[in-house]
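Here is a short report for a first look at this structure. Keep the view open while reading.

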Amino acid sequence: MLSFLNGISQSLDAYLVLASLLFAIGAFGFLARRNAISMLMSIELMLNAVNLAIIAFGAFNRELNADASAIALIVIAAAAAEATVGLAIVIAIYRNRKTPLVDEYDAMRR
Amino acid sequence: MYDTLIPLIPLIPILGFAFTALFGRRLQLTYGRWAAEIVPVGGVIIVWLIALSVIVPAVGHQDPFGEAGLDVKLWTWIPAGSLSVDMGFHVDALTAALLIVVTTIGMLVHVYSIGYMAHDDGAWRFFAYLNLFMFSMLLLVLASSWLLMFAGWELVGFCSYALIGFWYHKRSAALAAKKAFIVNRVGDVGFALGIMAIFLDTGTLNIADSLAKLTAADASLTIPIAIVALLLFAGAMGKSAQFPLHVWLPDAMEGPTPVSALIHAATMVNAGVYMVARANPLFAHAQDAMVVVAAIGIFTAILAASIAFTQTDIKRVLAYSTLSQLGYMFAALGVGAYAAAIFHLMTHGFFKGLLFLDSGSVIHAVHEEQDMNRMGGLWRKIPITHWTMLVASIAIAGIPPLAGFFSKDELLGDAYKNGFAWVWFIGVVVAVMTAFYMWRLMGKTFYGESRVDPHVEPRIHESPWQMTLPLILLAIPAALLGIALSWPGPPLGPLFGMGDQPGLLTGWLDPVFAPSEEFLHGAPAAFQLGGIDGVLILISVAAAAIGLVVGIWLFGFFGAHGRHALVERLTAANRATRFLYRATLNKWWFDDLNDLLFIRIGGRVAAAMWWFDRTIVDGAVNGVGAITRDAGGGLRRIQTGRVQNYALGIAIGLIVMAGSFLVIVGQPR
């Protein structure tokens, strides 16, 4: 059934491990980096990690096949929209504050 | 015509007040005193003329007044559902009797004040207040509803406060004004509660309607009639300075003397008597309350008379004398002799007003000295003052044929005949005391050797005509009003063979008082000059004569010197007399008692309450606030403004949620 996946792991666990590694890297990047662009990139990583997990579930479980594809497509669309808006905001702030570092974005605190 | 004239009576003084208050100062500074005084004084004279034109038909029960009196409704003052109060006036013979006193003495005091205030820079202010007082008093007297009467009642209280404290830079005057105001409030609470009780019982505040409903035979009352009567009487006690609320009146003498004459002797303090007389059907149906009225009245009479024995301030003696006479009036009201009470109110208004104006003239003559120990021998130097004051003193002592004799005799006689022999007996004792302390005042002021300050002695002078003219004009009613108002009734009518007719004032007031008096005592007995009435008259004349003779013997008369040494020996004779002397000198320690009860003990209680409020009540409220504030202060540290921190929060939250999901779902079923 999974003959087209020759040379690729036949185990669901492998995909889930990869997805969780990707998610962990994204989460770490989001929490640790101060640069707004890097943080957006980290968000993309996390989203794609989730996508990978969904697709993996869909591939290994016939009943979920169609649903998983639809969800993955929606997540891709949402991620694209989110990235667009996020970048637009970051650029707008950057023009005002001349810095990409989120530490300096403290106008609401004062 | 009367629909226009009656509202004008209070309207003119209030316009005079507004004008003088707004422009008086500028007029006085630009053109002199007369410019500021002409409007208020002229206005009051016009009011007097208008009042006369109303009084004459009103007391004669002519159309349109009739026996029930005339109601003038201007507009509906408070239309509020079941509570509807009219701005309206009610004029009957009782109102007219009060109008005579208020407008006549008011007018004469205004004229007198021109002379008395001739050296005072605040004259315009004084006249503005006087006009406001005239308005308030007339409103009180004319009001057709309890609420309007209460408005006038409070306004006269305010004017009294403002005028006692007229010389506000004098600390004692400012304190006396406050004392008068506060003590009056105590009584006013009672009056206000009484008015509310009347509304609860009857659903109306119109005086005539509510009295009719309260005394109807089939009335079902929420609040018993005796309680209503006592609440109203509490108000009267405050305004008319009856024990135990009498303490403010003597201190009120700190005000200018014309004020003492007008407000604290002749008019405002009569408001309580007027109010009880106005509510006479109510009191007649609450006889327990009437006994209280009589007891408090006669007790105040003897208490105040005893204090007047030893006071040395000329105005204070008169103030205690006023208290004592007001006590007489309440005693008369309490025994159901309403007409006698109003009779005494009128004669007392005139002779006591005269006495105060005289004392003002004396004080003026000896350069603002009020202590009688520093007077004496003045009768040659200020003859007009002396002779008018002599008339008034004999009048208040109750020597016929002067005014006080007739009213006091009627009052005491009625007390005896209505079955209150104890009131009569104490009243006779008070009559002796009255004659004595009045002569003590005359003797110390006018006769004997002069004790005036030697520097002032050569400059003693009679007062200007604006002051002496009112004295002479007041001396006439002080002497003759008794005869005029009691003729052709007892006691002179029967004496001159006029038969048994009612006196003039009794005839006037008959429609107001006859139902109550008949309800209380049945038809009045025929006057027996040869019987009981003659005996009562002889006793009261003898009482007055005894007091006067002892007074003359001790304090002198014209050239005759008094025996002051004897007085001092008597007061220091033994322990009992020394105690009595100290007691009356210290006013039976009522001021000290009040100080102890309300300033010290009351102050402690208030301080304890304050502590409770501050620490417990405020503590609870502030504690809630402080907890919220401190909690907020702690939590706001979480809001660092760093995106990473928030993200960490999200991550931790996610881990916790996911972890707890796993734990719960992973449980074996």
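## Chain A: layout

Read along the sequence, chain A follows the pattern α-α-α. That is three helices and zero strands. The model is a predicted one, and the descriptions below should be read that way.

Chain A has 110 residues, and buried residues make up 12% of them. Take the contacts in chain A with a separation of 6 or more: residues 24 or more positions apart account for 51% of these.

## Helix H1 of chain A

Helix H1 of chain A covers residues 12-32, 21 residues in total. From first C-alpha to last it reaches 30 Å, close to the 30 Å expected at 1.5 Å a residue.

Which residues of H1(A) are buried? They are Ala19(A), Gly26(A), Ala27(A) and Phe30(A). Seen down the axis of H1(A), these buried residues fall within an arc of 100°, so they line one face of the helix. An α-helix has 3.6 residues a turn, so residues three or four places apart point the same way. On the other side of H1(A) sit the exposed residues Asp13(A), Ala14(A), Val17(A), Leu21(A) and Ala32(A).

What covers the buried residues of H1(A)? The cover includes helix H2 (36-60) of chain A, together with helix H26 (643-665) of chain B.

## Where the chains touch

The contact takes eight residues from chain A and seven residues from chain B. On the side of chain A that touches chain B, five residues are nonpolar and three are charged. No polar residues are found on that side.

## Chain B: layout

The secondary structure of chain B comes to 26 helices and four strands. Along its principal axes, the C-alpha trace of chain B spans about 125 × 70 × 60 Å.

Chain B has 669 residues, and buried residues make up 51% of them. Among the contacts in chain B with a separation of 6 or more, residues 24 or more positions apart account for 78%.

## A hairpin in chain B

Strand S1 (residues 70-80) and strand S2 (residues 83-91) of chain B pair in the antiparallel sense. Nine bridges join them. One of the bridge pairs is Thr76(B) with Asp86(B), the latter in S2(B).

Two residues lie between the strands of this hairpin. There, Gly81(B) takes a positive phi near 60°.

## An enclosed helix in chain B

Helix H10 of chain B runs over residues 257-266. Ten of its ten residues are buried, so H10(B) is largely enclosed by the rest of the structure. Among them are Thr257(B), Pro258(B), Ser260(B), Leu262(B) and His264(B).

## Nonpolar cores

The largest nonpolar core has 217 residues. Those with the most contacts inside this core are Val276(B), Ala332(B), Ala341(B), Ile342(B), Ala415(B) and Ala478(B). Not counting residues up to four places away in sequence, Val276(B) touches Leu232(B), Phe233(B), Ala236(B), Phe283(B), Val293(B) and Leu333(B).

Definitions and conventions
Residues are numbered from 1 along each chain as its sequence is written. Chains are lettered from A and ligands numbered from 1 in the order in which they are written. This is a predicted model: local features need pLDDT of at least 70, side-chain atom pairs count only at pLDDT 80 or more; totals for chains, interfaces and linings use all residues. The expected span of a helix is 1.5 Å times one less than its number of residues. A residue is buried if 20 or more other C-beta atoms lie within 10 Å of its own, exposed if 12 or fewer, and partly exposed in between; C-beta atoms are placed from the backbone. The arc is that of the directions from the helix axis to the C-beta atoms. Two residues are in contact if their C-beta atoms, placed from the backbone, lie within 7 Å. Two strands pair if DSSP finds at least two bridges between them. Ala, Val, Leu, Ile, Met, Phe, Trp, Tyr, Cys and Pro count as nonpolar, Asp, Glu, Lys and Arg as charged, and the others, Gly among them, as polar. A nonpolar core is a set of buried Ala, Val, Leu, Ile, Met, Phe, Trp, Tyr and Cys residues joined through C-beta atoms within 7 Å.
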